[in-house]
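Trainee: Hi! Could you walk me through this one, chain B in particular?
Mentor: Happy to. Let's bring it up on screen.

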Amino acid sequence: MPGEQVSSRPGRHAATDLDGLRVDIPNWSSPSGPEPSTRERRSGGGPSALRLIWIYPDLLSTYGDRGNLLMLTRRATLRGLRVESVGINSDQAVPRHGDVYLLGGGEDLPQILAAKRLRTDGGLAAAAANGAVIFAVCAGYQLVGEVFGGAQGEPVDGLGLLDIRSGRGDTRGVGEVVADVDPALGVDRLTGFENHQGVTSRGPGTKPLASVLRGVGNGDGTEGAYSGRILGTYLHGPALVRNPSLADLLLTWAAGSLPPLAPDYETWTNRLRSERLAAASA
Amino acid sequence: MGKLPIRARVATTIGGAAGRMSRLTGRGDGSVIGGVVGLRFAPDLLRQLAVGRQIVLVTGTNGKTTTTRLVTAAIGSLGQEVATNAYGANMESGLVSALSGASEAPYAVLEVDERHLPAMIKATSPRAIVLLNLSRDQMDRAAEIWLIARRWREAFAASPQCRVVANADDPLIAWAAGSAGDVTWVAAGQRWHEDSWCCPDCGSHLRRDELGWRCGECSLSRPSARWVLDGENVIDAAGTVRELGLALPGRANRSNAVMALAVASLFGADVDQALPELRKVVSVAGRYTSVQRRGRTVRLLLAKNPAGWLEAFDVVGATGLIEGPASAGTPPVLLAVNAQGPDGRDTSWLWDVDYRVLAGRPVLVTGERKVDLAVRLEADEIPFDLVDDIDAAIDAVRPGHLDVIANYTAFQQIRAIVGRSV
């Protein structure tokens, strides 16, 4: 597996094509038989595909969030995994049996709409209960929590999948962020760009993703939060492009342990990381 | 225009001198500093300078400077002087400079930053406003585009005497213009859909088909248009079809030209007189310029945001369909990306651009954020070479044509090296 060239990218162009995001979801969202656990399906590099689902790109994709989907797809495919990635619009049912769900950033009203629809739909909550990985950025991060701030700062119910509470802060956090990730996760130093006015506090069951060396993050010296297989962050960049080891953590949660990528595939991402970290400490 | 009050006249004299100093000392083209100085002296200066003139404001995310130039040319066909801020200085000071620099001009065509439109409507009492498009721009600078549209909507409702010329194919524009008393709808097209999947009125998913866009839930839908861009042609309100025949390349410029003809006709300009003037425009504030440099013909294109990149790819003919032997003949393209304040300091937007259309042609990458671009291109499996600057790019390519697509400050840097032209 290491160093193996993967020349074909099944499903990539069709699924992540900018027009193809409007594709109907395949039947696997309603399986006919008992559903094996996510981990079972993935083990041994079996024939079933890793299913990446981008939630409501029509509402939550303001900040290059497609990049997180593309980078996860790329890093999985380079390891020889078959990947099916699809965008689910806000007028479609959220499949319950995906492996990794992505939520991106967005403006105030779309965020509120997304939260309402996801609550009514129930698919994301069911997926979480099924052990799916959920990666949520900025507006997405806030809305998977218990409550977040609306357009006038009023409290709006989130999905309650992560024990965090968010509200409107006094100042806007804008700029490069550097943060050291919880050692338990084995993820390299975080680098990214934040642009938000939210502050987020964690409940007892939720750990911070990282401690901030530079930037604002949650507002209390930490950035992001995770619990089980749900992980959120304020970081753009996009986050998984700037932090390939974070992308690999999510893939490992979904697909089991992964071989490292051949060094050739890491040249540019490593160079970007070094440059960004150096720029942030300048 | 009449006689300006004394304070205003002094202000324009001081401002004009500041502008001239700026140009003489090579600091800039003087179009902002003159206005800044003038306004310090007489804060109401813009309103005073606007009195008695017929004013057109032009705004939107992409195409403001080009459309301002085109509208100026079209209205110029009426034979009278037209004041304009030709170099893109689109905030209050730039408007002041433009008006005070052409004190006798009965017409003024002014590019306005989309965030400042409501204030500029109050200050200038325009006869007409051109609304081009709204899409995501620099993330860490721009206000949310829905909020911009909403403020426009409120401003139009408060200015019923204003005639709005609006792109019917852009849902956010159509919603914003919906509150105006007098709207001329133009089917100018929309290629970038990613910021308008959500109904601006009710938030439901917008549907799109051959007939246009419409909300799945509420009644908001594409208005029918009096002016239409149809391929290479413009169809006017009378149904007459004319080939545009522009010198400016690309679909977006054809769209801008139709908007220009529509607004000029509100002032009595005849399409058959205005169109030849539009055809004379070959470059705008350095964009689309081709310069000769060391045996290469270098064409400069500005792309500030994902929608702009889509249009730039259209201009350079990047379709991703070139394969095999044909690719050897295609001109190379240099992509230049910075992330200074005016560019937007976050480069996440690179991932909203589909670079697969560059497949088959040689790609070079430069700019302060060339490594971000490298990671982006690698993910789209587009081979590329990094170069330090425009001259290194020229060294790396054969004599012949080189297309350059650059974002804001990268564009200015390259333009400064290869020479400012028109």
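Mentor: One term before we start: two residues are in contact if their C-beta atoms, placed from the backbone, lie within 7 Å. Also keep in mind that this is a predicted model.

Trainee: Okay. Which strands does H12(B) lie across?
Mentor: H12(B) lies across S14, strand S15 (363-366) and S16 of chain B. Its direction is at about 145 degrees to S15(B).

Trainee: And what sheet are those strands in?
Mentor: An open sheet of six strands with mixed pairing, in the order S12-S13-S17-S14-S15-S16 (chain B). Its edge strands are strand S12 (290-293) and strand S16 (385-386) of chain B, each of which pairs on one side only.

Trainee: How many bridges join S13 and S17 of chain B?
Mentor: Seven bridges, with strand S13 (residues 296-302) and strand S17 (residues 400-406) of chain B pairing in the parallel sense. Within that pair, Arg299(B) is opposite Asp403(B) in S17(B).

Trainee: What about helix H11 of chain B, where does that lie?
Mentor: Helix H11 (residues 306-316) of chain B lies across S13, strand S14 (333-336) and S17 of chain B. H11 runs at about 170 degrees to S17(B).

Trainee: Switching topic: how many residues does each chain bring to the contact between A and B?
Mentor: Chain B gives 24 residues and chain A gives 31 residues. On the chain B side, the largest share, six residues, comes from helix H12 (residues 370-379) of chain B.

Trainee: Let's zoom out. How many helices and strands are there in chain B?
Mentor: Chain B has 14 helices and 17 strands. Its radius of gyration is 22 Å, close to the 22 Å that the globule rule gives for 422 residues, so chain B is as compact as a globular protein of that length. The C-alpha trace spans about 65 × 60 × 40 Å along its principal axes.

Trainee: What share of chain B is buried?
Mentor: Buried residues account for 55% of the 422 residues. As for contacts between residues at least 6 apart in sequence, 69% join residues at least 24 apart.

Trainee: Which residues touch the most other members of the largest nonpolar core?
Mentor: Val186(B) and Leu261(B), out of 221 residues in that core. Leaving aside residues up to four places away in sequence, Leu261(B) touches Ala74(B), Trp227(B), Val234(B), Val271(B), Ala274(B) and Leu275(B). As background, nonpolar side chains tend to be buried together in soluble globular proteins.

Trainee: Back to sheets. What's the order in the one with nine strands?
Mentor: That open sheet runs S2-S3-S1-S4-S5-S6-S9-S10-S11 (chain B), with mixed pairing. Strand S2 (82-84) and strand S11 (241-243) of chain B are its edge strands. On average, neighbouring strands in this sheet are turned by 20 degrees against each other, direction ignored.

Trainee: In what sense do S5 and S6 of chain B pair?
Mentor: Strand S5 (residues 163-167) and strand S6 (residues 182-187) of chain B pair in the parallel sense, over five bridges. Arg163(B) has Asp182(B) in S6(B) as its bridge partner, and Val164(B) is opposite Val183(B) in S6(B).

Trainee: Last one: how many residues of S6(B) are buried?
Mentor: Five of its six residues, so to speak a mostly covered strand.

Methods: Residues numbered from 1 in each chain as written. Chains lettered and ligands numbered in written order. Predicted model: local features only at pLDDT ≥ 70, side-chain atom pairs only at ≥ 80, totals over all residues. Helix = DSSP H or I, 4+ residues; strand = E, 2+ residues; numbered from the N terminus. Rg over C-alpha atoms; globule rule 2.2 N^0.38 Å. Buried ≥ 20, exposed ≤ 12 C-beta atoms within 10 Å, placed from the backbone. Core = buried A, V, L, I, M, F, W, Y, C linked by C-beta atoms within 7 Å. Pairing = 2+ DSSP bridges. Axes fitted to C-alpha atoms, helices over the stretch in contact; angles between N-to-C directions.
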